[in-house]
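Notebook open, structure loaded. I want to go through a few spots in this one and write down what I find.

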Amino acid sequence: MSRGIVYLIPSLLDEKGIESIPAQVLAAIKNCEVFFAENERTARRYLKKLQKDIVIDQYEWHTLSDGPAIPALFRQKLKEEKNIGIISEAGCPGVADPGQSLVEIAHEINATVKPLAGPNAILMTLMGSGMNGQRFQFLGYLPIKDHERIKAIKELEAESHKKNCTQLFIETPYRNNQLLDALLNACKPTTQLCIASGLSSSKEQIHTRTIAQWKQQKPDLHKIPATFCLLAR
C-alpha cells in the first residue's frame, strides 16, 4: 500500500529566531497536506512567520492533545497517502516532545519519515557545553519535590562520574531557580554544570562552570527557557 510522507518540522525556540530555520523546512511545509501540531494557534503563527502569503486554511489541522482519536486519525491520513507535517511547540518533533508517538506509528506501518534539521535546545546545549559528546543522556524533567529531586541529582552525578557521561535535563522556566539551588546544594564543588539560556534569542547565554564557581555568581533564570547539563569530575 502506498503511503504519504511524514515530515518532522522544526519550530522556533525564540519567536525572533526565524533565521535559525533552514530553507528546506519551508519547502517541506509546502509539500504537506495535513498538520498535527502540539499547539495549532502557535503553529499557524509560525508558518506565517516563515512565509507571509502562505494560505494557512489550505491545510488540514489536528492537535496532538485532542485525545485518543489522534493515533487512529494519523494512521488514516497516511493510508489516504497524505503528506503529513508534525510541528512541536518548540524545537524538533520527537525529541522531548509528544510527536514521538506519531513517529512510532509511522514506522509501524512502514511510512517514510523525514526529520528536518532545526534548532534543538538539547543538542545546542551539549554542543556548546564542552562536555562529553560521545557519551550522554537526556533525562527530561527532574522530580519537583525537594527530597526526591536531591536524591535524583546525587544519583545522576554519581552515574556521570562513574561513566564519564554528560547528563542533560530541563525544567519549567518558572522553576529554574529552584532547580539551580538544588544543584548547587546537592552537587560536589568540582562537578561541572552548563546552563544554556535564551537559545537562538538575542539574550542567548551558554556557560560551563564548576558548582563552586556557580555559587560565586548565581544567575537569575526565572521564566527564562534554559537547558542544563552536568558532568562530574
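This is a predicted model: local features need pLDDT of at least 70, side-chain atom pairs count only at pLDDT 80 or more; totals for chains, interfaces and linings use all residues.

Is Asn 110 buried or exposed? Its relative accessibility is 65%, so I put it down as exposed. Asn 110 sits in the loop between α4 and β5. Most residues other than glycine have a negative phi.

Asn 164 is another non-glycine with a positive phi, about 50 degrees. I found Asn 164 in the loop between α6 and β7. With 37% relative accessibility, Asn 164 counts as partly exposed.

I also noted Glu 81, which follows α3 and has a positive phi near 65 degrees.

**The five-stranded sheet**

Next I traced the strand order. The sheet is open, has 5 strands, and reads β3-β2-β4-β1-β5 with parallel pairing. Which strands are at the edges? They are β3 (60-63) and β5 (112-115), each pairing on one side only. On average, neighbouring strands in this sheet are turned by 20 degrees against each other, direction ignored.

Helix α1 (residues 23-31) packs on this sheet and touches β1 (5-9) and β2. I noted an angle of about 140 degrees between the direction of α1 and that of β1.

β2 (residues 34-37) and β4 (residues 84-87) run parallel and are joined by 4 bridges. Across that pair, Val 34 stands opposite Ile 84.

**Helix α3 and a buried lysine**

Which residues of α3 are buried? In this helix (residues 69-79) I listed Ile 70, Phe 74, Lys 77 and Leu 78. These four lie on the same side of α3, because they cover an arc of only 100 degrees around the axis. That made me recall the general rule: an α-helix has 3.6 residues a turn, so residues three or four places apart point the same way. The buried residues of α3 pack against β1, β2, β3, β4 and α4 (100-108).

What does Lys 77 touch, leaving out residues up to four places away in sequence? I wrote down Val 34, Phe 36, Glu 60, His 62, Lys 82 and Ile 84. Val 34 and Ile 84 are the two that stand opposite each other in the β2 and β4 pair.

β6 (residues 136-141) and β7 (residues 166-170) share 4 bridges, and Phe 138 has Leu 168 as its bridge partner in β7.

On to β8 (residues 192-197): it runs antiparallel to β10, and 6 bridges join them. One partner pair I noted is Gln 192 with Leu 231 in β10.

How many of the residues of β10 (residues 226-231) are buried? It is 6 of 6. I checked which way they point: Ala 226, Phe 228 and Leu 230 go one way, while Thr 227, Cys 229 and Leu 231 go the other.

Thr 166, in strand β7, has 0% relative accessibility and so counts as buried. Among its contacts beyond four places in sequence are Leu 126, Met 131, Phe 136, Cys 229, Leu 230 and Leu 231.

For Cys 92, the nearest cysteine sulfur is that of Cys 32, 15 Å away. Cys 92 is buried, at 13% relative accessible area.

Technical notes. Residues are numbered from 1 along each chain as its sequence is written. Side-chain values use heavy atoms; hydrogens and water are left out. Two strands pair if DSSP finds at least two bridges between them. Axes are lines fitted to C-alpha atoms, for helices over the stretch in contact, and angles run from 0 to 180 degrees between N-to-C directions. Contact means heavy atoms within 4.5 Å. Buried means under 20% relative accessible area, exposed over 50%, partly exposed in between (1.4 Å probe, protein chains only). The arc is that of the directions from the helix axis to the C-beta atoms. A disulfide is a pair of cysteine sulfur atoms within 2.5 Å.
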